Amino acid sequence: MIERYITLEGIDLVGFYGAGNAHLQMLKRLYPKLRIVARDNVIKAMGDEDELDRFNKVVELLVEYCNKYNSLNEEAIIDAVNGKRSVKDSDSKVILHNINGRPIYPRTENQCRLVEEFKK
């Protein structure tokens, strides 16, 4: 049995772990072959090396998602485990996301042009 430590930096731990650790419990259910323990910003996972590699990739995706959208939900966790892109990732007109994770879109054609020029 191999141990691996994953350090979470630069994210809101309450948003990542979920209310009452709901997101962490969901990850534990999705990876029944692993023993997962979280303390502060460190996740300790024990199990088979292949399963640990898959879990590590999923956690990295979820950290990126949490950084980008300032929130995490069950749909994003399931998409990450299944290797799918999130619905939010496929929306190209989004300027940014507010603190609650809601997308902010340009309202007019001129705002769309302005955003495109900023991107260039």
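The points below go through the fold, the sheet, selected residues, the salt bridges and a surface patch of a predicted model.

1. Basis. The model is predicted: local features need pLDDT of at least 70, side-chain atom pairs count only at pLDDT 80 or more, and totals for chains, interfaces and linings use all residues. Residues are numbered from 1 along each chain as its sequence is written, and side-chain values use heavy atoms, with hydrogens and water left out.

2. Overall make-up. The protein chain has five helices and five strands, where helices (H or I, at least four residues) and strands (E, at least two) are DSSP runs numbered from the N terminus. Their order from the N terminus is β-α-α-β-β-α-α-β-β-α. The C-alpha trace spans about 60 × 25 × 20 Å along its principal axes.

3. Of the 120 residues, 35% count as buried; buried means under 20% relative accessible area, exposed over 50%, and partly exposed in between (1.4 Å probe, protein chains only). The chain exposes about 8200 Å², with carbon and sulfur atoms supplying 49% of that area. Areas come from the Shrake-Rupley method with a 1.4 Å probe, and for residues only the protein chains shown count as cover. Among contacts (heavy atoms within 4.5 Å) with a separation of 6 or more, 50% are between residues 24 or more positions apart.

4. Three-stranded sheet. An open sheet is formed by three strands in the order β1-β3-β2, with antiparallel pairing; two strands pair if DSSP finds at least two bridges between them. β1 (2–7) and β2 (35–39) are the edge strands, each pairing on one side only. From one strand to the next the twist averages 15°. Six bridges join β1 to β3 (residues 42–47), and Arg4 has Ala45 in β3 as its bridge partner.

5. Helix on the sheet. Helix α3 (residues 49–69) packs on this sheet and touches β1, β2 and β3. The direction of α3 makes about 10° with that of β1; axes are lines fitted to C-alpha atoms, for helices over the stretch in contact, and angles run from 0 to 180 degrees between N-to-C directions. Glu60 lies in α3 and is partly exposed at 46% relative accessibility. The C-alpha atoms of Glu60 and Glu75 are separated by 16 Å, the two residues being 15 apart along the chain.

6. β2 and β3 pair in the antiparallel sense over five bridges, and Ala38 stands opposite Ile43 in β3. In a regular strand the side chains alternate between the two faces of the sheet. Two residues lie between the strands of the hairpin.

7. Positive phi values. Asp40, in the loop between β2 and β3, has a positive phi of about 50° although it is not a glycine. Asp40 counts as exposed because its relative accessible area is 65%. Asn21 also has a positive phi, near 60°, and is found in the loop between α1 (13–17) and α2 (22–30). With 36% relative accessibility, Asn21 is partly exposed.

8. Salt bridges. The count comes to five, under the rule that a side-chain nitrogen of Lys or Arg lies within 4 Å of a carboxyl oxygen of Asp or Glu. One of them joins Arg54 and Glu51 (2.6 Å, N to O); both residues lie in α3, three residues apart, about one turn of the helix. Arg54 is partly exposed at 45% relative accessibility, whereas Glu51 is buried at 11%.

9. Arg113 and Glu109 meet at 2.8 Å, N to O. These two are four residues apart in helix α5 (residues 109–119), so about one helical turn separates them. Arg113 is partly exposed at 47%, and Glu109 is exposed at 58%. Lys120 and Glu117 form a further salt bridge at 3.7 Å, N to O, and both are exposed.

10. Ile95, Leu96 and Ile104 make a nonpolar surface patch of about 240 Å². Patches are made of residues with over 30% relative accessible area and no salt bridge, like charges being joined within 9 Å and nonpolar side chains (Val, Leu, Ile, Met, Phe, Trp, Tyr) within 5 Å. Ile95 sits in the loop between α4 (74–82) and β4 (96–97) and is partly exposed at 39%. His97, in β4, is buried at 12% relative accessibility. The C-alpha atoms of His97 and Ser71, 26 residues apart along the chain, are 9.8 Å apart.
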